[in-house]
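Dear colleague,

I am handing over the structure below. Please look through it first, then read the notes under it.

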Amino acid sequence: MPASLRSRSFVIMALLPALLIFIIFAIVPIFWSAYYGFFEWKGLGAAKLIGLDNYRMILEDPVFWRALKNNLILVVSAVIGQVSVALLLSLFLLKNTMFNRLMRSAVFLPMVLSTVVVGLIWGYIYHPQIGLLNQLLETLGLESWRRPWLDDPKINMFAVSIPINWANIGPYLIIFIAALQNISSEIEDAAKIDGAVAWRKLFFVTLPIIWGTVVVTIVLCISGSLKAFDHVIVMTRGGPAQSTELLATYMYNNTFTVYRYGYGSAVSTMIILISAVLIGLNHIITKRRG
Amino acid sequence: MKKRFVFITTIILMIALLATACNNSGNKEQSNEGNKSSEEKTKISIWHNFAGDDLRAKAVRDLIDKYKEEHPEVEVDAQAIPVDGYRQRLSTVAAANEMPDVFFVYAGSQSQEFYDADKLQPITELMDKYPEWKNNFLAGAFDRYEFEKGQIFTAPLGMSATSFMYYNKDLFEKHSVKVPTTWEEMMTAIKTFNDNGITPIALGNKAPWVAQSTIIGSLADRVTGTEWFLKAAAQDGASFTDPVFIDALGKYKELVDNKAFQDGANSIDNTQAEQYFIQGKAAMMINGAWSLTNLAASATPEQLAPIEVTTMPGIEGGAGKPNTISGGAGAGFALNKNTKGAQKQAALDLIYAVSGPDGQKAIAESNSMVMYKVELDKSKVSPLYFKAYELAVNSEITPVYDAYLSAEAGEVINNGLQELMMGGKPEDVAKKLQDAQARSTKK
């Protein structure tokens, strides 16, 4: 029996059910929705084959490009606001002291909250009349800085990205702390003996060692930001006037608010293509540097 | 050998699993049929969205329960589905052709799409059976449900009156402002309140249908007249790029430019705006009948005391009439195309039990508007609701925009109004609306 347990075919057999479920519920729908993308379909009644028209309309819709731009803003802000901040924090919070453990839990806490709760909390913080932020500015005498934070199209995308970053730093922090703790003390000692000062040690010893982890977190971060949806739906619903629309909310609104299932399917196919391109780019860039 | 054995057992296990999963559904159907023949009970199913705790939802659920009690020979499978997911769930079962016998449908694009997809059958025979009931409905009650001439598909359970102008009497008296009945007076009121640091009109337009449903329907109707709108919606002889509609949007922009609404109106939701108004921070609020229920549920009697309700001011020189309210028949129960025989009879009886005279009265007494002549018992409803009800019954009803526009065009005007509040131009919004409506009406 032990021999057969270790055998290849058994492993394959054991994985097969999970793989089947994954293929049926994750892979097949991707192709399915790509297929629906060729139809004009309301979700009810007959679907009409219209070839590439949906894709053409997407590319011609300025809202789609705005959504893409907003998503890219989110990606950049996430890489800066989540990965860099988490990396920085992890360097400070590495040692296992009481204070550090407390800080780590504090940073991780919003991750445990439901995204709807996070969205609602920040909705109230940003509230134009009774919001915490505007009240705070007023008490500080900065009345002229009061803004309808989620309303003004010049700033609302940035206002939206702050809670998203705030809520997502936690897991990256944990990943980085784990990676840093894996660096063996011999390397640290060797660096010390060679006389490396703190920042040199960081750039020439620590970072290169955990570079693999950094790349993984960036990939996670990009795909996470491209999927961003829930916080925005709760805070702004992609509005006002579609100014905070993301690819995912654009897809959702087209499919479930105006019942253009075919168009929505085409949008989701576009999201997959864009994600693939971005992650491919990331791969090329980080490989060269690594 | 052993490898082979493991391989075969796994395969068999998997097939067995799949097979049982598939079989389950088959079994159920069989047992269903078995039941019917042995017990002779008629089974019908009904779906609705009265899942909440508000008075109206309770009233409707009570009506269904009463029907169940009075008809022991019918087994009613009633499903209350929360409002937020209701539309999607109904569309899903419609696509799979597994709709319940009786279901709650909204006026406008939803029921139209079900009709187009051949999912509905008329309830005209029920109407003919109780002519007095039929005649007691208010004018226009069936306008959106007569998909074929002479055939009625739904008896509306409520009236959606969407554009009452609520105002705070105390604030008007304190600053000696006249309650506006003309556009000019409206502008004066806005200016006076702004000068005194009070928001003139509370608006929570985060979910962008609010400004469209509550304000633009009434406002534009006063400028363009109803006839023009119906033509433009049908894309027959009028277009949303007509100067008259750009004028109407211009009136809305005039409100925005004169700071009629509080800052950031596009980022707070309707409930927050209602709270803002009831706390006396805003002098007026243009909102639908639903605010009556919300305010009754959340405000104190002292807060409610100074609240009055009227219609939006008229617009001099406009083609439309003053003193109208935008609104129309609300949602109602519809009958599945595939329901036949004894089930159909039971389903029709159930529809009558809920939307018949007793049902309409029960619903009206739960403080919600109905499209039906009811002798209201004043002691059973709130005073504000009573005023609003009288106002609605005695006013002419004009169309709500999104009940006549396609879903897509509705979304365009929703977003367009937000755009106007962010500095957009009426011409651009009108053009986008025209494009969207033209796209959806072309066959």
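This is a predicted model: local features need pLDDT of at least 70, side-chain atom pairs count only at pLDDT 80 or more; totals for chains, interfaces and linings use all residues.

Chain A

Chain A has 290 residues, and 34% of them are buried. Its secondary structure comes to 13 helices and 2 strands. Taken along the principal axes, the C-alpha atoms of chain A fill a box of roughly 75 × 75 × 35 Å. For contacts in chain A between residues at least 6 apart in sequence, 67% link residues that are at least 24 apart.

Some annotation comes from the UniProt record, where the entry is unreviewed. UniProt lists residues 68–282 of chain A as "domain: ABC transmembrane type-1". In the model, that span of chain A is 76% helix and 0% strand, and its end C-alpha atoms are 17 Å apart. The unreviewed UniProt entry also gives the feature "transmembrane region" for several spans of chain A, among them 106–126 and 155–181. Residues 106–126 of chain A are 86% helix and 0% strand, with 22 Å between the end C-alpha atoms. Residues 155–181 of chain A are 96% helix and 0% strand, and here the end C-alpha atoms lie 39 Å apart.

Chain B

Chain B has 443 residues, of which 45% count as buried. It contains 20 helices and 13 strands. The C-alpha trace of chain B spans about 90 × 60 × 45 Å along its principal axes. Of the contacts in chain B between residues at least 6 apart in sequence, 79% join residues at least 24 apart.

Chain B is also divided into two domains, and each is made of two stretches of sequence: domain 1 is 41–158 + 330–373, and domain 2 is 162–326 + 396–441. The C-alpha centres of domain 1 and domain 2 of chain B are 31 Å apart. Where the two domains of chain B touch, 9 residues come from domain 1 and 9 residues from domain 2. On the domain 1 side of this contact in chain B there are 2 nonpolar, 5 polar and 2 charged residues.

One is an open sheet of 4 strands in chain B, in the order β8-β9-β7-β10, with mixed pairing. Which strands stand at the edges? They are β8 (199–202) and β10 (307–310) of chain B; each has a single partner strand, so one side of each has no neighbour in the sheet. On average, neighbouring strands of this sheet are turned by 25° against each other, direction ignored. Strand β7 (residues 164–168) of chain B runs antiparallel to β10(B), and 4 bridges join the two. At one point of this pairing, N168(B) stands opposite I307(B) in β10(B). Helix α12 (residues 270–278) of chain B packs on the sheet and touches β7, β8 and β9 (282–287) of chain B. The direction of this helix makes about 145° with that of β9(B).

The other is an open sheet of 3 strands in chain B, in the order β6-β11-β13, and its pairing is mixed as well. Its edge strands are β6 (159–161) and β13 (396–398) of chain B, each pairing on one side only. From one strand to the next, the twist averages 50°. Strand β11 (residues 324–329) of chain B is joined to β13(B) by 3 bridges, and these two strands run parallel. S326(B) is found opposite T398(B) in β13(B). Helix α9 (residues 209–224) of chain B packs on this sheet, where it touches β11 and β13 of chain B. The angle between the direction of helix α9 and that of β11(B) is about 120°.

Contact between the chains

How many residues does each chain bring to the contact? Chain A gives 29 residues and chain B gives 30 residues. On the side of chain A that touches chain B, α2 (8–36) and α12 (247–257) of chain A each supply at least two residues. The largest share of that side, 4 residues, comes from α2(A). By class, the side of chain A that touches chain B has 14 nonpolar, 11 polar and 4 charged residues.

Regards

Conventions. Residues are numbered from 1 along each chain as its sequence is written. Chains are lettered from A and ligands numbered from 1 in the order in which they are written. Two strands pair if DSSP finds at least two bridges between them. Axes are lines fitted to C-alpha atoms, for helices over the stretch in contact, and angles run from 0 to 180 degrees between N-to-C directions. Two residues are in contact if their C-beta atoms, placed from the backbone, lie within 7 Å. Ala, Val, Leu, Ile, Met, Phe, Trp, Tyr, Cys and Pro count as nonpolar, Asp, Glu, Lys and Arg as charged, and the others, Gly among them, as polar. Domain bounds come from an automatic or database domain assignment. UniProt positions are given in the numbering used here, feature names are shortened, and annotations may be inferred rather than shown by experiment. A residue is buried if 20 or more other C-beta atoms lie within 10 Å of its own, exposed if 12 or fewer, and partly exposed in between; C-beta atoms are placed from the backbone.
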